[in-house]
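Work through the exercises below with the sequence and the model open. Each task is followed by its solution in steps.

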Amino acid sequence: MTVLSVDHLEVNYGTKAPVFAVRNVSLEVQHQEFVGLVGESGCGKSTLGFAIARLERPPAYIRGGSIVINGEDWMTMPDEELRRHRWRDVAIVLQSGMNALNPVMTIEAQFRDVMMQHTSLSRAQILQRSMDVLDMAHIARNTLKRYPHELSGGMKQRVVIAMAFLLHPKLVILDEPTTALDMVVQRQIMDNLTELRQHEQFSVLLISHDLGLVLELCDRVLVMYAGQIVEENTTDSLLEQAWHPYTRALMQALPRIGGNGLQFGGVPGTPPDLHHRLQHCAFAPRCGLVTPECQVREPELTDTPSGKVRCFVTSREVVADDKHHSIRG
Ligand SMILES: Nc1ncnc2c1ncn2[C@@H]1O[C@H](COP(=O)(O)OP(=O)(O)OP(=O)(O)O)[C@@H](O)[C@H]1O
Ligand SMILES: [Mg+2]
């Protein structure tokens with residue numbers, strides 16, 4: 001069952017020099033699937049996440065494409081209806097989510113607000129559900145009585161994530177939910193999410209620049225470069241074989257515990273400028289496998305054994321690999 005289906009989505013910033021931030025993006029998230037969206041800073045991840053939840057704000061605007069969530073068309077849905085569906089169908093947690101907590105209300109009152117706006121549950125039922133989500137997130141129940149300023153940054157962010165689950169959303173979009181936090185808290189939150197999966201039925205779109213984290217937590221990975229999806233792969237297959245040269249570079253940049261201790265690579269070169277429409281492969285200027293073709297035409301997404309890749313060169317490897325297999329088989 002498909003929870004989220006995005007087709008040919010285009011999102012621009014209508015600034016004086018327009019920014020083509022999301023370019024022809026199509027993706028799907030299945031029921032209970034955890035999907036990671038990775039890519040370097042500025043490649044369009046947050047713009048895409050916001051647009052999916054229809055939270056894009058000027059100068060951002062959706063230029064084309066479709067967004068279907070739980071079989072409903074979120075592109076043509078009136079604002080009032082979108083507001084009703086948000087939280088219930090899709091909950092979104094931002095890096096700075098903790099700052100969205102109201103400083104003059106207790107956590108309990110804020111949880112109650114969300115639930116009263118979207119359900120007709122009794123106060124007792126609301127309190128029960130509030131305690132349930134805190135239990136699931138291993139947050140002490142007496143946190144409900146606290147004001148945001150009484151909690152640490154990490155605890156506030158955990159509360160915000162717990163809050164996202166109040167209305168049993170089918171899809172939770174997490175945009176860099178732990179980037180601002182230290183490693184220990186980051187780990188706690190990620191363990192919590194994995195554990196929540198045993199209790200609740202939901203799908204996740206995890207936006208992160210941290211491929212290591214995504215590989216650990218997600219079933220499938222989408223790699224974004226210059227506003228486009230350049231690779232779609234299952235985590236298991238990606239660990240064996242990445243197809244896009246950019247994904248390969250990201251994989252090599254993962255910190256490894258080696259003989260010399262922890263080693264960080266990095267993808268050499270400068271990220272692309274999103275002010276231009278592309279007439280060639282966006283990664284060509286940084287790519288070790290670049291051919292003349294890559295500099296004059298834009299590659300399409302083509303099938304790999306476990307997903308898709310947008311590359312002239314490595315998509316030929318897929319074909320060669322196939323032949324090799326069929327000859328052997
Ligand atoms: N309000 C805005 N006006 C104009 N351009 C914008 C605006 N917000 C973002 N952009 C541009 O849109 C592009 C995509 O930005 P976005 O924030 O979606 O990237 P990101 O992948 O989420 O990056 P990060 O990893 O740093 O969060 C960038 O080139 C950015 O400069
Ligand atoms: Mg972002």
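**Exercise 1.** State which elements each supply at least two residues of the shell around ligand 1 in this predicted model.

*Solution.* Begin with the elements: strand S2 (19–30) and helix H1 (45–52) each contribute at least two residues to the shell. Next, look for the largest share, which is the 3 residues that come from H1. Then take the individual residues: the shell holds 15, and Ser41, Gly42, Lys45, Ser46 and Thr47 come nearest to the ligand. Finally, sort the shell by class, which gives 6 nonpolar, 6 polar and 3 charged residues.

**Exercise 2.** Find the distances from oxygen atoms of ligand 1 to polar side-chain atoms of serine 41, serine 46 and threonine 47.

*Solution.* The cut-off for a polar contact is a pair of N or O atoms within 3.5 Å. For serine 41, a polar side-chain atom is 2.5 Å from a ligand oxygen. For serine 46, an N or O atom of the side chain is 2.8 Å from an oxygen of the ligand. For threonine 47, the distance between a polar side-chain atom and a ligand oxygen is 2.4 Å.

**Exercise 3.** Describe the largest pocket by volume and by lining.

*Solution.* Rolling a probe the size of a water molecule over the atoms shows where empty space is left. The volume of the largest pocket is about 830 Å³. Its lining consists of 35 residues, and those closest to the centre are Ser208, His209, Asp210, Leu211 and Gly212. Two or more lining residues come from each of H1, helix H6 (183–199), helix H7 (211–217) and helix H9 (245–253). By class, the lining divides into 14 nonpolar, 14 polar and 7 charged residues.

**Exercise 4.** Classify the ring pair of tyrosine 225 and phenylalanine 283.

*Solution.* Rings pair if their centres lie within 6.5 Å, and planes over 60 degrees apart count as edge-to-face. By this rule there are 5 aromatic pairs. In the pair of tyrosine 225 and phenylalanine 283, the ring centres are 5.1 Å apart and the planes stand at 85°, so the pair is edge-to-face. Now place the partners in the chain: tyrosine 225 is in strand S9 (residues 220–225), while phenylalanine 283 is in the loop between strand S12 (261–263) and strand S13 (302–304). The pair links distant parts of the chain, 58 residues apart.

**Exercise 5.** Locate the cis peptide bond and the positive phi of arginine 54.

*Solution.* Most residues other than glycine have a negative phi, and most peptide bonds are trans. The cis bond joins proline 58 and proline 59, with omega about 5°. Proline 59 belongs to the loop between H1 and strand S4 (60–69). Arginine 54 has a phi near 55°, and this residue lies in the loop between H1 and S4.

Key:
Residues numbered from 1 in each chain as written. Chains lettered and ligands numbered in written order. Predicted model: local features only at pLDDT ≥ 70, side-chain atom pairs only at ≥ 80, totals over all residues. Heavy atoms only, no water. Near = heavy atom within 4 Å. Polar contact = N/O pair within 3.5 Å; in protein donor to acceptor, adjacent residues only side chain to side chain. Helix = DSSP H or I, 4+ residues; strand = E, 2+ residues; numbered from the N terminus. Nonpolar A, V, L, I, M, F, W, Y, C, P; charged D, E, K, R; others polar. 1 Å grid on protein atoms, 1.4 Å probe; cavity = no way out; pocket = protein on both sides within 12 Å on 5 of 7 lines; lining within 4 Å. Points joined across faces, edges and corners; volume = space filled by probe spheres on them. Phe/Tyr/Trp six-rings, centres within 6.5 Å; stacked < 30°, edge-to-face > 60°.
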